[in-house]
Amino acid sequence: MLANVDALLLARAQFGFTVAFHIVFPVFSIGLASYLMVLEGLWLATGRQVFIDLFRYWIKIFAIGFAMGVVSGLVMSYQFGTNWSVYADKTGPVLGPLMAYEVLSAFFLEAGFLGVMLFGMSKVGPRLHFLATLMVAIGTFFSAFWILSVNSWMQTPQGYATNPAGQFVPVDWWAIVFNPSFPYRLVHMVLAAYLTTALVVGAVGAWHLLRERTNAGARTMFSMAMWMLAVVAPLQILAGDAHGLNTLEHQPTKVMAMEGHFESHPDGAPLILFGLPDQEAGTVRYAVEVPKLSSLILKHGLNEPLKGLDSVPRENWPPVPVVFWSFRVMVSLGMLMLLLGGLSLLARYKGQLYAWPALHRFALAMGPAGFVAVVAGWITTEVGRQPFTVYGLLRTAESASPLSAPAVAASLTAFVLVYFAVFGMGILYILHLMAKPPHRGEPGIEPGAPIRTAGITPAPSVDPDRHLHPAE
């Protein structure tokens with residue numbers, strides 16, 4: 001059955017499947033950790049009960065999402081050794097230390113303060129607890145910093161040399177960490193995390209506003225989410241444009257695939273809105289295009305020339321249809337986010353933010369859009385880098401472990417079954433928590449009494465009716 005299946009294709013499918021599952025959880029954790037930090041800070045500053053109620057509402061969801069992100073990330077690390085051992089060997093001297101820095105800085109920071117954040121409100125006091133929440137939020141940013149530095153080096157490698165064994169070895173760590181694409185990709189990804197979280201928070205608020213317009217928690221979370229969306233969506237479009245120009249400079253073949261430019265255009269390239277890319281024929285069939293607009297966007301001139309894939313050897317072409325359509329999914333969702341943010345400003349101006357059911361339904365429908373856009377953007381980035389794992393230097397076909405197709409297929413099947421079972425249940429439980437409306441006196445996730453350590457007699461229980469105030 002698997003005699004004609006390529007082991008390399010299965011290994012790529014397995015990594016693509018696991019990374020698509022994994023990426024949504026860290027993105028949500030980055031945004032939600034910052035949101036929790038803001039909520040707790042506002043509670044300390046104002047003393048308003050609604051902010052601590054929302055903090056306790058969302059921290060339960062954060063705990064589950066964070067745990068699933070950690071578990072799914074561990075699986076990806078093991079795949080470097082099992083399915084991609086050649087890649088791990090050749091890039092290990094450069095990328096190994098960067099991934100270790102992520103553990104030593106970001107993960108240790110998160111792990112050190114996460115317990116206090118989740119269970120310590122009644123034990124350490126509000127201000128020290130806020131410090132723990134702040135450290136977890138900073139830790140999630142550091143995690144994004146190091147992981148994106150690793151991935152960006154694979155896109156735009158510099159600061160390395162090659163030793164006699166064919167390994168990439170570091171020469172300039174500053175150049176490696178701050179490689180040409182890294183600043184653009186870091187900004188683009190962090191803004192994507194904030195947009196994704198704002199859409200989820202806004203969708204939950206909209207869901208409850210459709211059922212009870214006077215719910216204070218739903219009103220507050222919806223308002224905060226719409227402010228974030230209105231501010232960050234335009235910034236993300238600008239960041240994406242800057243990232244695209246950087247990609248054109250350092251990875252022009254990827255941009256050619258994104259734009260569907262099989263042919264070079266010496267007198268201005270059209271922007272192809274839609275069409276069916278035919279990689280074998282080297283054309284986009286049934287193309288709907290705007291003349292010269294691609295040159296205006298990418299080169300800031302209507303008649304500026306743009307090279308096409310006909311200037312690149314075919315063996316270096318990425319899978320154009322995948323890159324072409326994933327890019328359009330990401331951009332289309334970005335435009336819808338901008339529209340939702342604009343409509344929220346209009347509703348706020350008219351005093352209808354909490355009384356416009358059509359806006360609430362739109363926000364509810366956009367709830368998963370951030371996750372879809374992130375996955376589509378990641379596909380654009382990673383598939384657009386093909387056929388290389390390290391752009392221009394190490395081919396994907398040369399990076400895989402010498403495994404048989406049945407061996408890879410067996411692990412892929414196991415991953416599919418386990419992921420859908422375990423993470424499916426986790427996602428369903430998160431949705432169950434979101435379906436419950438926030439209310440005054442929202443319970444947190446702290447136990448009624450201290451957790452018992454083996455051999456230790458538990459101390460008297462903390463009074464469950466005691467309410468903390470910022471002054472305590």
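Colleague: To begin, is Arg-385 buried or exposed?
Modeller: Arg-385 counts as buried, because its relative accessibility is 5%. Buried means under 20% relative accessible area, exposed means over 50%, and partly exposed lies in between, with a 1.4 Å probe and protein chains only. Please note that this is a predicted model, in which local features need pLDDT of at least 70 and side-chain atom pairs count only at pLDDT 80 or more, while totals for chains, interfaces and linings use all residues. Residues are numbered from 1 along each chain as its sequence is written, and side-chain values use heavy atoms, with hydrogens and water left out.

Colleague: With which residue does Arg-385 form a salt bridge?
Modeller: The partner of Arg-385 is Glu-382, and the closest N and O atoms are 2.7 Å apart. A salt bridge is a side-chain nitrogen of Lys or Arg within 4 Å of a carboxyl oxygen of Asp or Glu. Glu-382 is also buried, because its relative accessible area is 16%.

Colleague: How many salt bridges does that rule give?
Modeller: The count comes to two. Arg-285 counts as partly exposed, because its relative accessibility is 40%.

Colleague: Where is the nonpolar surface patch, and which residues make it?
Modeller: Leu-273, Phe-274, Leu-276, Tyr-286, Val-288, Val-290 and Trp-325 make a nonpolar patch of about 680 Å². Strand E3 (271-278) and strand E4 (283-290) are the elements that give two or more residues to the patch. Helices (H or I, at least four residues) and strands (E, at least two) are DSSP runs, numbered from the N terminus. Patches are made of residues with over 30% relative accessible area and no salt bridge; like charges are joined within 9 Å, and nonpolar side chains (Val, Leu, Ile, Met, Phe, Trp, Tyr) within 5 Å. The areas come from the Shrake-Rupley method with a 1.4 Å probe, and for residues only the protein chains shown count as cover.

Colleague: Why does Val-290 count as partly exposed?
Modeller: Val-290 counts as partly exposed because its relative accessibility is 31%. This residue is found in strand E4.

Colleague: What about the backbone: which bond joins Gln-386 and Pro-387?
Modeller: A cis peptide bond joins them, with omega at about 10 degrees. Pro-387 lies in the loop between helix H13 (369-384) and strand E5 (388-390).

Colleague: And what is the phi of Lys-292?
Modeller: Lys-292 has a positive phi of about 65 degrees, although it is not a glycine. Its place is in the loop between E4 and helix H10 (293-299). His-300, likewise not a glycine, has a positive phi of about 60 degrees. His-300 is in the loop between H10 and helix H11 (320-349), and it is exposed, with a relative accessible area of 57%.

Colleague: Turning to helices, how many residues has H5, and how far does it reach?
Modeller: H5 has 30 residues and reaches 43 Å from its first C-alpha to its last, close to the 44 Å expected at 1.5 Å a residue. The expected span is 1.5 Å times one less than the number of residues. Of the 30 residues of H5, 21 are buried, so the helix is largely enclosed by the rest of the structure.

Colleague: Which residues is Thr-140 in contact with?
Modeller: Thr-140 lies in helix H5. Leaving aside neighbours within four places in sequence, it is in contact with Ser-29, Ile-30, Ala-33 and Glu-110. Contact means heavy atoms within 4.5 Å. Thr-140 is buried, with a relative accessible area of 4%.

Colleague: Where is Thr-156, and is it buried or exposed?
Modeller: Thr-156 is found in the loop between helix H5 (126-155) and strand E1 (160-162). It is buried, because its relative accessible area is 6%. A polar contact of 3.0 Å joins its side chain to that of Asn-179. A polar contact is a pair of N or O atoms within 3.5 Å; within protein, one must be able to donate a hydrogen and the other to accept it, and residues adjacent in sequence count only if both atoms are side-chain atoms.

Colleague: Finally, which side chain makes a polar contact with that of Ser-411?
Modeller: The side chain of Gln-14 does, at 2.7 Å. Ser-411 lies in helix H14 (residues 405-435).
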